[in-house]
Amino acid sequence: MRRRTLLGGALAAPLLTACSGGDDDTDGGGGTTLTYGMWDPAQVPGMKKIIAAFRKEQPRISVRIELTPWATYWTTLKTSMRGGTAPDVFWMNAVNFQLYAANGVLEPLSGHIRSDRTPVDRHPEALVKLYAYEGTQYGLPKDFDTIGLWYNKALFDKAGITYPDETWTWDDVRDAAAELTDPRQRVHGFAAEMDRQMKIYPAVCGADGYVLKDGRSGFGDERSIEGLRFLTDMVDRGWSPPQSAMVESVGRVRYWSEKVAMNYDLSAMAGQMYAVPALKDHGGVAVLPKGRRRATIIHGLANVISAKSRKKAAAWQFVHFMAGREAAEIQAREGVTISSYEGTQDAWLKSMPEFDLKHFIEMQKYAVPYPSSKNTTVWENLQYPILGAAFSGKGGIESACRKLGGQMDRALKEERAV
């Protein structure tokens, strides 16, 4: 697969010019103004507070937030990279990280980290490693999320079922889903939708399978297939809506509207669930149930610096500050997402006392990092078309998984050849 075909030319051009232009840290007025790219409007108030705290330490550096909706964030970023107008500092996720790092458009941070003794050891090791490429650190974590089992206490009480806890296995989920499903009320026990981060990857890992290991796909592995069969069986038995019914009304929305009793979902969604009066009153969360092993997926965003920035010294000061305790505590108090700095999560836990949010933090000890490679998007885009029929109650999950594994391996082989 040719690099220009893969990137559409958007990142290929900066590869040749990423280090040009020197390191001009001034804005013409004696100070420096950085641009900061992000996509989540819910985090803007917290980021403004972090920026205000940063300015107390660095009064000559100001930061202007550039908010781009998630739907257009990556296209806009690639275009701005090519045009030389990319933000100085911006959010990065695991899916896209290796692609950007491999093409030389991110500033290496390892030297800065050593010189300034940035406390990377206070962030989850799995996340720190997610944002390193070929031995060099390019991103510093700002937050993390894990997946938990959200459940509706009122529906459990009505069915006379004990709430999920850390002893639950997949068998317990199946049994509860069967009891909680009420066709007359159009209520399903579980939402087994086709979602990578929240359903597919946790199920695969819970079966002691894998998505990606040593450059090879794990979808054809028997245990990975077993994990996905756990999900598709829910659809086949009528305990979950089929995928065809969850295109517009996804599992999360069905859970919010009390039409699904159990749903795997992100810790980052806690704030939105808290805003739903019914869920604030009788929503609950537990650790994910155990299959062959207990597993969840951990992911988090990182702050990175554009290699084309003319304000790298100031940009580093900002990234270094955001990797520290003070910024993490401000982020935690906002209650939107879990700060990744160890020991700063109490404020997030206390922000929604009705939910037992500590489970999301406890699950770190067996969390599996979000799988990624240089061209993650290429092989992830294979998943839904191939698995769709099986998730819509048409059977064939075994053959679909093997087909997906073969096609993913070919994509990975092409990736290595670039």
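User: What does "buried" mean for a residue here?

Analyst: This is a predicted model. A residue is judged by its relative accessible area, using a 1.4 Å probe. Buried means a value under 20%.

User: Which residues of helix 10 are buried?

Analyst: Helix 10 spans residues 196-206 and is mostly covered. The count is 11 buried residues out of 11. The buried residues are R196, Q197, M198, K199, I200, Y201, P202, A203, V204, C205 and G206.

User: Which residue caps the N-terminal end of helix 10?

Analyst: Look for a side-chain oxygen by the backbone nitrogen of Q197.

User: Which residues have the most contacts inside the largest nonpolar core?

Analyst: In soluble globular proteins, nonpolar side chains tend to be buried together. Here the largest nonpolar core has 129 residues. Those with the most contacts inside it are F190, L228, M262, F318 and L387.

User: Where does this core lie, relative to domain 1 and domain 2?

Analyst: Domain 1 covers 32-145 + 299-350, and domain 2 covers 146-298 + 373-417. Both domains give residues to the core, so the core lies between them.

User: Which residues does L387 touch, leaving out those up to four places away in sequence?

Analyst: L387 is one of the core residues with the most contacts. Leaving out its sequence neighbours, L387 touches M194, I200, L228, I397, A400, C401 and L404.

User: How many salt bridges are there between domain 1 and domain 2?

Analyst: The two domains bury about 1100 Å² between them, 56% of it on carbon and sulfur atoms. There are 4 residue pairs in polar contact between domain 1 and domain 2. The salt bridge count between these domains is 0.

User: Which helix gives the largest share of the side of domain 1 that touches domain 2?

Analyst: In all, 16 residues of domain 1 are in contact with 14 residues of domain 2. Between these domains, 4 residue pairs are in polar contact. Helix 5 (94-102) and helix 7 each supply at least two residues of domain 1's side. The largest share, 6 residues, comes from helix 5.

User: How far apart are the closest N and O atoms of E125 and K129?

Analyst: Both residues lie in helix 7 (residues 125-130), 4 residues apart, about one turn of the helix. E125 is exposed at 55% relative accessible area, and K129 is exposed at 57%. They form a salt bridge, and their closest N and O atoms are 3.1 Å apart.

User: How many residues apart in sequence are the parts that R229 and E398 tie together?

Analyst: R229 and E398 form a salt bridge, with their closest N and O atoms 2.9 Å apart. R229 lies in helix 11 (residues 222-236) and E398 in helix 21 (residues 397-417), so the pair ties together parts whose separation in sequence is 169 residues.

User: Are K358 and D356 buried, exposed or partly exposed?

Analyst: These two residues form a salt bridge, with the closest N and O atoms 2.7 Å apart. K358 has 35% relative accessibility, and D356 has a relative accessible area of 34%. Buried would need under 20%, and exposed over 50%. Both K358 and D356 are partly exposed.

Key:
Residues are numbered from 1 along each chain as its sequence is written. This is a predicted model: local features need pLDDT of at least 70, side-chain atom pairs count only at pLDDT 80 or more; totals for chains, interfaces and linings use all residues. Side-chain values use heavy atoms; hydrogens and water are left out. A salt bridge is a side-chain nitrogen of Lys or Arg within 4 Å of a carboxyl oxygen of Asp or Glu. A nonpolar core is a set of buried Ala, Val, Leu, Ile, Met, Phe, Trp, Tyr and Cys residues joined through side-chain atoms within 4.5 Å. Domain bounds come from an automatic or database domain assignment. Contact means heavy atoms within 4.5 Å. Buried area is the accessible area (1.4 Å probe) that two parts lose on being put together, summed over both. A polar contact is a pair of N or O atoms within 3.5 Å; within protein, one must be able to donate a hydrogen and the other to accept it, and residues adjacent in sequence count only if both atoms are side-chain atoms.
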